[in-house]
Amino acid sequence: SMVQVGLVLLAWQIGTRFEVNALILLPSMVLLFGFGLMSRYQLRLARFQKRQRAFQRERKALTWYFQSAVQNMMDGFILFYAVNSREGEVPRFQCVDINAAGSAILGREREQVLGKSLSSIFPPCRTSDLWNHCLQVYQSGIPGQVERYHYPGMGAPRLLNLVLYKVCDALALIFRDVTEPERWKDVILAQRDLGASLISASRMEEVFERCLESALQLTGMSGGCIFLVNQASGTLELAHVKTSPESSLSPQMIQRINRFDSHAPLAVLVRQGRPVFLESKDVYWPSGLEGLSPAHQETAVIPVMYEEKVIAGLVTLSSRKIDIQPVRGILETIASLLGNALIRIQTENALRDSLQTSAAIVREISTGLYIYRHEKPDRLILVDSNPQATRITGIPVEEVQGREINEIFPALRESGLLDAFLRVVETGEVFNTCDQQYKDYRLEAVLQIRAFRLMENRL
């Protein structure tokens with residue numbers, strides 16, 4: 001320091017003035033200068049050790065925070081060290097850490113995973129080569145992502161989404177179970193396809209078959225049946241039965257009794273208008289169906305509603321325990337589609353019967369009927385007629401169908417009837433005339449005529 005240098009110079013001046021021997025003065029100056037350097041080094045060393053201890057405490061705290069975050073994160077985390085990672089050798093990835101979520105997703109205890117290789121934790125499969133992805137990420141240092149199925153010991157296959165990245169000389173995997181989102185995506189698409197197919201269905205049996213097939217496929221249940229509700233008596237009439245090929249149930253077992261009276265517990269459950277899930281032992285089955293109880297464990301009774309009335313019942317049977325919440329949503333959606341399709345087909349059948357009845361009446365009445373299509377401004381084209389019109393006029397409909405009314409009846413405009421017919425099309429008012437005389441080159445008659453509009457452009 002400057003003080004030490006000053007003291008050395010002062011000692012030199014004193015020694016020079018009083019003629020002190022230099023051999024005595026020089027060691028004293030060197031010793032004084034060395035003590036100064038030593039004190040300065042010790043001061044800097046103490047400051048460095050203090051900063052290092054603070055850094056170690058901060059690093060331990062950050063490490064604890066990181067480990068706590070990893071252990072409590074919702075995604076699975078697993079860390080692999082690369083064994084035999086010398087240059088030119090293919091590394092073998094060995095698990096050194098896994099969090100609680102990762103153990104739960106893989107369905108294995110932490111102790112069962114630690115020390116295991118990558119291929120033993122994630123066995124190779126045809127759909128995803130995870131080991132090659134991991135090796136590529138480890139060698140390039142560029143993170144990657146892959147999806148693959150994992151097959152736990154006793155459970156169903158799970159679809160995992162894995163993110164791979166390199167951490168120093170280790171390989172880290174963050175993964176999550178995306179089975180349910182993917183499954184619900186498939187369920188929504190299947191329900192959409194079912195709704196589209198029911199629109200084109202024209203027969204009740206076709207609707208029943210498609211609804212039951214979709215219900216069994218999306219829920220994994222063993223079998224099901226559809227009952228129609230008699231609104232007058234409250235009884236249930238068996239309409240359709242379907243069972244899964246893998247189940248022990250057969251359609252014949254359910255078809256033994258195809259009717260439930262209004263007081264039967266199953267009929268009461270359907271008519272109460274809300275979904276019911278219960279164990280099979282709680283459902284009352286009539287004589288002859290007791291053998292179904294040991295074959296399945298769960299029963300779902302879903303009413304099919306339309307305008308707050310129960311019109312049918314969807315009953316499904318499962319040979320295993322089911323997760324009620326998702327199954328209920330699927331079955332209620334199918335029941336809604338089933339109800340809309342039933343009402344549509346019933347309405348179409350009723351309308352078809354009504355049209356057929358009306359057509360039969362029109363064919364048999366003694367009055368002649370002509371149907372014309374109006375084309376603006378003043379054209380009336382013959383669309384159809386009944387047999388009595390041919391008998392009265394003597395003009396076969398096959399000869400004049402599709403022709404204009406003036407070509408069929410040339411004298412119509414002179415009689416004023418054409419203008420009257422056009423007013424009927426425009427205003428919708430009914431036109432009546434009695435004792436109307438008409439004469440052309442092939443028809444002469446006194447007619448009673450009534451003209452009315454059927455729809456916007458039909459007379």
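I take the expected span of a helix as 1.5 Å times one less than its number of residues, and helices (H or I, at least four residues) and strands (E, at least two) as DSSP runs numbered from the N terminus. I note that this is a predicted model, in which local features need pLDDT of at least 70 and side-chain atom pairs count only at pLDDT 80 or more, while totals for chains, interfaces and linings use all residues. Residues are numbered from 1 along each chain as its sequence is written, and side-chain values use heavy atoms, with hydrogens and water left out.

**Helix α8**

I looked up α8 and found that its 16 residues, 204-219, reach 23 Å from the first C-alpha to the last, close to the 22 Å expected at 1.5 Å a residue. For burial I used under 20% relative accessible area as buried, over 50% as exposed and partly exposed in between (1.4 Å probe, protein chains only). The buried residues of α8 include Val207, Phe208, Cys211, Leu212 and Ala215, and also Glu206. An α-helix has 3.6 residues a turn, so residues three or four places apart point the same way. Just after α8, glycine 220 has a positive phi of about 75°.

**Pockets**

I took a pocket, on a 1 Å grid over the protein atoms alone, as an open set of points where a 1.4 Å probe fits, with protein on both sides within 12 Å along at least five of seven lines; lining residues have an atom within 4 Å of a point. Grid points are joined across faces, edges and corners, and a volume is the space filled by probe spheres set on the points.

The largest pocket holds about 950 Å³. Among its 33 lining residues, Gly368, Leu369, Tyr370, Ile449 and Arg450 lie nearest its centre. Elements giving two or more residues to this lining include α11 (324-364), β12 (370-375) and α15 (417-427), and β15 gives the most, with five. I sorted Ala, Val, Leu, Ile, Met, Phe, Trp, Tyr, Cys and Pro as nonpolar, Asp, Glu, Lys and Arg as charged, and the others, Gly among them, as polar; the lining then has 23 nonpolar, seven polar and three charged residues.

For the second largest pocket I noted a volume of about 320 Å³ and a lining of 15 residues, with Phe66, Phe77, Leu79, Asp97 and Val167 nearest the centre. The largest share, five residues, comes from α2, and by class this lining divides into ten nonpolar, three polar and two charged.

**Cysteines**

I searched the whole structure for disulfides (a pair of cysteine sulfur atoms within 2.5 Å) and found zero. Cysteine 134 is buried at 0% relative accessible area, whereas cysteine 168 is exposed at 69%.
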